[in-house]
Amino acid sequence: MIEARHLRVLRAVAATGSFSAAARELGCTQPAVSQQMKALEASAGTPLLVRTGREMRLTQAGEALVRHASGILAGLTAAEEEIAAIAGLRAGRVRLVSFPSGSSTLVPRALAALRAAHPGTRVSLVEAEPPRSVEMLREGDCDVALAFRYSATGTEWDDLVVRPLLTDRLVGLVPEGHRLAESDAVAIGDLAEESWIAGCPRCRRQLVEVCEEAGFTPRIDFATDDYPAVIGLVGAGLGVAVLPELALESVRPKGSRTVTVEPAVQRQIVALTLPDLAQVPSVAATLNHLTSASAAR
């Protein structure tokens, strides 16, 4: 019989490529990983790994088992949590992953309300941007993912439970004393000749697309995904930027002014979970409190 603990070890070996690296990730010893992999191969009745020098390569059977492992482990987590609730333990665990501006605004209010209502529920938080956060959810490494997308259409989340939270508009940020600092609204094309501050290539994709639609490619002189750093660079007069309104809520933009940018660019903020996990009381409560925190902004 295949055991869940063996599946977790197999997934770690597949992700890291070696027994020693998997042992470090799991917090155990290399011999323990080797022993559990032998037990799993015995249960499966076929080799799951091919040892090539210092690295491990999955066999076809190993690839198939890893492919099913995430769903199996997520289902087991859902089963354990629901059974605990039914048994009257009034306890639960929620693993939340969020993008940084969500962690500093929506998450604190939601988790404070969750703890007040359900003091026995344990919550952990790690940060990751989509699409990595969505991958973590599908891989069974979290229970709820706070994520965003710029288009409300598409099928990339069709296998997930999607809880819409709010619509977050992007705003322009210019230095104080800038020629457009006192403007009510600024066309994105009016910033065509400016020096820009933006995130990594993936994070700034939406900005570049909007600028190109306006007929120019932004000259990005400073690249950082850290919103306080962006605000500091703008405040020092080193360029302009476009940031989500949510990112400005917990940071005081010294030396800079916000301006409305046209055409409007908005992102949809959502909470995601797996269908099985949505039935778990602690996960459902977390979704509800995230919804309330968003409505209270």
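Buried means under 20% relative accessible area, exposed over 50%, and partly exposed in between, using a 1.4 Å probe and protein chains only. The model is predicted: local features need pLDDT of at least 70, side-chain atom pairs count only at pLDDT 80 or more, and totals for chains, interfaces and linings use all residues. Residues are numbered from 1 along each chain as its sequence is written, and side-chain values use heavy atoms, with hydrogens and water left out.

**Exercise 1. Classify R297 as buried, partly exposed or exposed, and list its contacts.**

Step 1. R297 lies in the segment after helix 11. Helices (H or I, at least four residues) and strands (E, at least two) are DSSP runs, numbered from the N terminus.

Step 2. Apply the cut-offs. R297 has a relative accessible area of 41%, so R297 is partly exposed.

Step 3. List the contacts, meaning heavy atoms within 4.5 Å. Not counting residues up to four places away in sequence, R297 touches L106, R109, L166, L246 and E249.

Step 4. Check a distance. R297 and V280 are 17 residues apart along the chain, and their C-alpha atoms are separated by 27 Å.

**Exercise 2. Describe how helix 6 packs against helix 11.**

Step 1. Take the axes, lines fitted to C-alpha atoms over the stretch in contact, with angles from 0 to 180 degrees between N-to-C directions. The axes of helix 6 (residues 106–117) and helix 11 (residues 281–295) come within 8 Å and cross at roughly 130°.

Step 2. Name the geometry. That angle makes helix 6 oblique to helix 11 (under 35 degrees is roughly parallel, over 145 roughly antiparallel, 65 to 115 roughly perpendicular, the rest oblique).

Step 3. List the residues. L106, R109, A110, A113, L114 and A117 of helix 6 meet A285, T286, H289, L290, A293 and S294 of helix 11.

Step 4. Sort them by class. Ala, Val, Leu, Ile, Met, Phe, Trp, Tyr, Cys and Pro count as nonpolar, Asp, Glu, Lys and Arg as charged, and the others, Gly among them, as polar. The contact of helix 6 with helix 11 has eight nonpolar, three polar and one charged residue.

**Exercise 3. Repeat the analysis for helix 1 and helix 2.**

Step 1. The axes of helix 1 (residues 4–16) and helix 2 (residues 19–26) come within 8 Å, crossing at roughly 120°. Helix 1 is therefore oblique to helix 2.

Step 2. Helix 1 contributes R8, V9, A12, V13 and T16, and helix 2 contributes F19, A21, A22, E25 and L26.

Step 3. Seven nonpolar, one polar and two charged residues make up the contact of helix 1 with helix 2.
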